[in-house]
Amino acid sequence: MYKFTQALAAIGLAAVMSHSAMADNLKLGFLVKQPEEPWFQTEWRFADKAGKDLGFEVIKIAVPDGEKTLKAIDSLAASGAKGFVICTPDPKLGSAIVAKARSYDLKVIAVDDQFVTVKGKPMDSVPLVMVAATKIGEHQGQELWKEMNKRGWKVQDTGVMAITTNELDTARRRTTGSMDALKTAGFPEKQIYQVPTKSNHIPGAFDAANSLLVQHPAVKNWLIIGMNDNTVLGGARAFEGQGFKAENVIGIGINGVDAVSELSKANATGFYGSLLPSQDVHGYKSIQMLDKWVTKGVEPPKFTEVTDVVLITRDNFKQELDKKGL
């Protein structure tokens with residue numbers, strides 16, 4: 001009887017310890033605006049890896065609009081989370097996100113896009129992890145210039161289509177950086193044609209590109225600039241529709257993972273390649289910094305610039321994606 005009682009006590013103690021461990025298990029959120037996109041799926045995958053490596057639970061929530069964003073913060077607080085990483089669906093939600101987080105004493109790190117106030121002023125007080133937008137834009141311009149010269153194109157026969165979204169700070173800095181790099185290399189500014197897109201997706205960029213192409217029918221060769229893979233893909237589709245051959249178009253996107261299906265095609269297209277940033281670093285590093293902030297009081301830097309990038313083309317994309325476990 002004594003041994004039986006002792007065994008029951010041991011089981012009870014183990015249950016209490018197990019419950020305590022569960023209660024003490026740190027929970028951190030990772031909120032993204034477009035979970036269907038490979039970029040954010042990769043961030044989530046590496047956030048989960050950080051959680052497994054470092055011993056915390058990652059709560060992943062899609063936040064496609066402002067209402068769902070604020071409800072997600074309520075949900076995180078109710079679940080006992082101590083903070084969250086977020087790629088906001090609208091940078092101007094910054095003030096509302098911070099106010100809601102503070103009401104629950106949740107720590108916040110922004111990733112990919114910087115918070116701004118309703119008046120558009122950057123919120124430098126919120127830690128931010130993002131690709132160096134200007135630098136990656138400059139890299140895009142440099143790679144376009146390099147490939148143009150490799151093909152032996154004459155500058156006078158070439159135009160630049162810059163598909164822009166200047167109201168989005170990240171997009172503006174990327175496309176401006178790319179145009180500046182081309183001008184620095186010697187490309188004439190008067191042959192750089194900007195056209196705004198209503199969305200940074202293929203259909204919006206396709207419409208924008210078509211509206212520009214009809215204005216410059218005499219240009220023989222084209223370079224395409226855009227803030228991501230999809231804007232450049234939209235531009236490339238417009239050129240295909242207008243009868244341009246792949247050898248007369250060079251489009252280089254940014255993101256990499258959104259370009260895989262295009263780069264997998266047997267025949268070359270006007271979409272030459274993409275700059276693959278480190279979304280694996282974004283997903284892992286941002287939530288790792290949040291973990292240190294919550295558990296050790298180590299406040300992250302206000303800006304963590306991710307500069308790692310590699311050009312992927314039809315020749316090397318499989319190997320480069322394998323290196324990152326993608």
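How much space lies in the largest pocket? About 810 Å³.

**Before selecting anything**

This is a predicted model, in which local features need pLDDT of at least 70, side-chain atom pairs count only at pLDDT 80 or more, and totals for chains, interfaces and linings use all residues. Residues are numbered from 1 along each chain as its sequence is written, and side-chain values use heavy atoms, with hydrogens and water left out.

**The whole protein**

Along the principal axes, the C-alpha atoms fill a box of roughly 95 × 45 × 30 Å. Of the 326 residues, 51% count as buried. Buried means under 20% relative accessible area, exposed means over 50%, and partly exposed is in between, with a 1.4 Å probe and protein chains only.

**Stop 1: the largest pocket**

Select Lys-33, Asp-113, Leu-168, Asn-200 and Met-227. Of the 37 residues that line the largest pocket, these are the closest to its centre: Lys-33, Asp-113, Leu-168, Asn-200 and Met-227. A pocket here is found on a 1 Å grid over the protein atoms alone: it is an open set of points with protein on both sides within 12 Å along at least five of seven lines, whereas a cavity is a set of points where a 1.4 Å probe fits but cannot get out, and lining residues have an atom within 4 Å of a point. Grid points are joined across faces, edges and corners, and the volume is the space filled by probe spheres set on the points.

Next, colour 27-126 + 279-306 as domain 1 and 133-276 as domain 2. Both domains give residues to the lining of the largest pocket, so the pocket lies between them. The domain bounds come from an automatic or database domain assignment.

Now select helix 2 (38-54) and helix 6 (169-185), each of which supplies at least two residues of this lining. Helix 6 gives the most, with five residues. By class, the lining of the largest pocket has 10 nonpolar, 14 polar and 13 charged residues. For this count, Ala, Val, Leu, Ile, Met, Phe, Trp, Tyr, Cys and Pro are nonpolar, Asp, Glu, Lys and Arg are charged, and the others, Gly among them, are polar.

**Stop 2: the second largest pocket**

About 230 Å³ of space lies in the second largest pocket. Select Val-98, Arg-102, Leu-106, Val-108 and Trp-293, the closest to its centre of the 13 residues that line it. Helix 4 (94-103) and strand 4 (107-111) each supply at least two lining residues, and the largest share, three residues, comes from helix 4. The lining of this second pocket divides into seven nonpolar, one polar and five charged residues.

Stay with strand 4 and pick Lys-107, which lies in it. Lys-107 is partly exposed, with a relative accessible area of 28%.

**Stop 3**

Move to Asp-112, in the loop between strand 4 and strand 5 (128-131). Its phi is near 75 degrees, a positive value in a residue other than glycine. Asp-112 is buried, at 10% relative accessible area.

**Stop 4**

Which strands form the open sheet, and in what order? Six strands run in the order 7-6-8-9-10-12, with mixed pairing. Strand 7 (192-196) and strand 12 are the edge strands, each pairing on one side only. Two strands pair if DSSP finds at least two bridges between them.

Select strand 10 (residues 271-276), where six of six residues are buried. Strand 10 pairs with strand 9 (residues 249-254) in the parallel sense over four bridges, and Ser-274 is the bridge partner of Gly-253. Strand 10 also pairs with strand 12 (residues 310-313), in the antiparallel sense over four bridges. Here Gly-273 has Thr-313 as its bridge partner, and Leu-276 has Val-310.

**Stop 5**

Finish at Asn-255, in the loop between strand 9 and helix 9 (260-263). Phi of Asn-255 is near 135 degrees, a positive value in a residue other than glycine. Asn-255 counts as buried at 8% relative accessibility.
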